[in-house]
Amino acid sequence: MKKKFTIIILLTLFTMISSCDKYLEEKSDKRLATPTTIADLKALLFHNNMFLSFSSAAQLSSDDLVISDKDFNGLSYDSDKRLYSWKPDYVSKAVGSVGNNWQKCYAPIFVCNSVLQSLSENKLSGIEADEVKGQALVLRSARFLDGAQVWAPIFNVLTANEDLGMVLRLDPDMNLKSIRASVQQTYDQIINDLSDAVPLLPANSTFPGIPTKGSAYGLLARTYLIIGNYELARENAENALQQKNKLIDFNLLKSTDAFPVAGTQIYKPDEILFFSTMTINDIDINSAIKVNPELYDLYKDGDLRKVMYYKQGNGGFVFKGSQSRAGLFNGPTTAEMLLIISECYARDNKVLEAKQALDQLRIKRWKSEKYKVSNFVIKEEAMKAIFEERRRELAFRSIRWSDLKRLNRDGANILLSRINNGETITLSPNDKRYAIALPEDVISIAQIPQNPR
């Protein structure tokens, strides 16, 4: 009875932190008590809030979507309007309000830190304790990685030691001063957490949100791709596929289903290496968001994603291709690993290997009778085909924003443009607004520096 009461109290506190406490902003007079048994830690660590409510800010800023003037003017939150139109400031909801991405990021980090502290202070050991430690490290690193794509500039080897990264909270003590680490320190922490987790984790789990070795490898592959270490990105993607390599055959799906890829389940586990979904807020769940026609036109006849991912409605096409019915899925998958492998081979001028990895995915996405193998023969053609395939496959997963940042870093020179209420607005390559502004109330209370503008 005492154990059950402890869990209830902790989960209640977690919910409070997720919804109304100004975590990382207001000082606390005492530390939160942590659970003391493996069962308690699991109950806290695998609460639904740990896998949901990843940031949607990068998705809303990307060129995956468009919003008509009428729908834009009808949005409930001025912060969403400013985010969509790439304003330099006041793009975040206030801490304590629904949909605050910063708060939703750090509440799970606090839980992970509490679990890790409890494991250490109570000297818990054994296989189960090791697994819980590894899972807490993965869950913490997933949040840091997600946040870095939103609030930090892209990793640049020339400036990473000076550029502002995340606040690396590694202790549950809320009295500790908030300090923004560098981008280099941020990615070092993510990689260290994931690398430390791998030997501790199980090979399989009953729910894709409970991290496994494949989860850690998948997140490592994504991380190394972002920072431009293509050899280690490919190596970790291959390691992930050794743990799990199933692909969904879109020929077996029904385009008439409400969520064809997820099916009738809350999620479809086949391809998922790590389950996570983006924050559900006003702009996510209404019909205001339409697919950018430029993105939709990338899908050729015979590509089943054209009918499995999208449906027509309210003056355009809307997205229905999430691998979860609980929100917009954004976790790593086996399909993403093949795309990473293909890109890394192409960058190394191994075009045949790049083609083999890409076709392994594409054949599962096209009508069987219409499928034709990739026909690129040189590196430049391969890279173009792979980047287009990433747009098609990974649409509405909050990955496009990160891809834009890293591709522009490498010289792609991609200019974004929207027409909003008669005004043409643009986002230049490598613009400082690619590091989205931190909530102004966080800046004021925690006294940490805002992103340069």
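Start with N101, which lies in helix α6 (residues 101-121). Helices here are DSSP runs of H or I with at least four residues, strands are E runs of at least two, and both are numbered from the N terminus. This is a predicted model: local features need pLDDT of at least 70, side-chain atom pairs count only at pLDDT 80 or more, and totals for chains, interfaces and linings use all residues. Residues are numbered from 1 along each chain as its sequence is written, and side-chain values use heavy atoms, with hydrogens and water left out.

Is N101 buried or exposed? N101 counts as buried, at 11% relative accessibility. (Buried means under 20% relative accessible area, exposed over 50%, partly exposed in between, with a 1.4 Å probe and protein chains only.) Now show its contacts, meaning heavy atoms within 4.5 Å. Leaving aside residues up to four places away in sequence, N101 touches S55, S56, A57, W151 and T279.

Next, select helix α2, residues 38-45. Its buried residues include I38, D40, L41, L44 and L45. They cover an arc of only 160° around the axis, so they lie on the same side of α2. That arc is taken from the directions from the helix axis to the C-beta atoms.

Move on to the aromatic rings. The whole structure holds 20 aromatic pairs. (Rings of Phe, Tyr and Trp, the last by its six-membered ring, pair if their centres lie within 6.5 Å; planes under 30 degrees apart are stacked, over 60 edge-to-face, the rest tilted.) Select F51 and F207: their ring centres are 5.3 Å apart and their planes at 80°, so the pair is edge-to-face. F51 sits in the loop between α2 and α3 (57-61), F207 in the loop between α8 (183-197) and α9 (213-227), 156 residues apart. F51 is buried, with a relative accessible area of 2%.

Y267 lies in the loop between α10 (230-243) and α11 (282-285), so the pair ties together parts 60 residues apart in sequence.

Finish at R418. R418 lies over the face of Y84, at 3.9 Å from the ring centre. (The test: NZ of Lys or CZ of Arg within 6 Å of the ring centre and within 35 degrees of the ring normal.) R418 also stands opposite I425 in β8.

Terms used
Two strands pair if DSSP finds at least two bridges between them.
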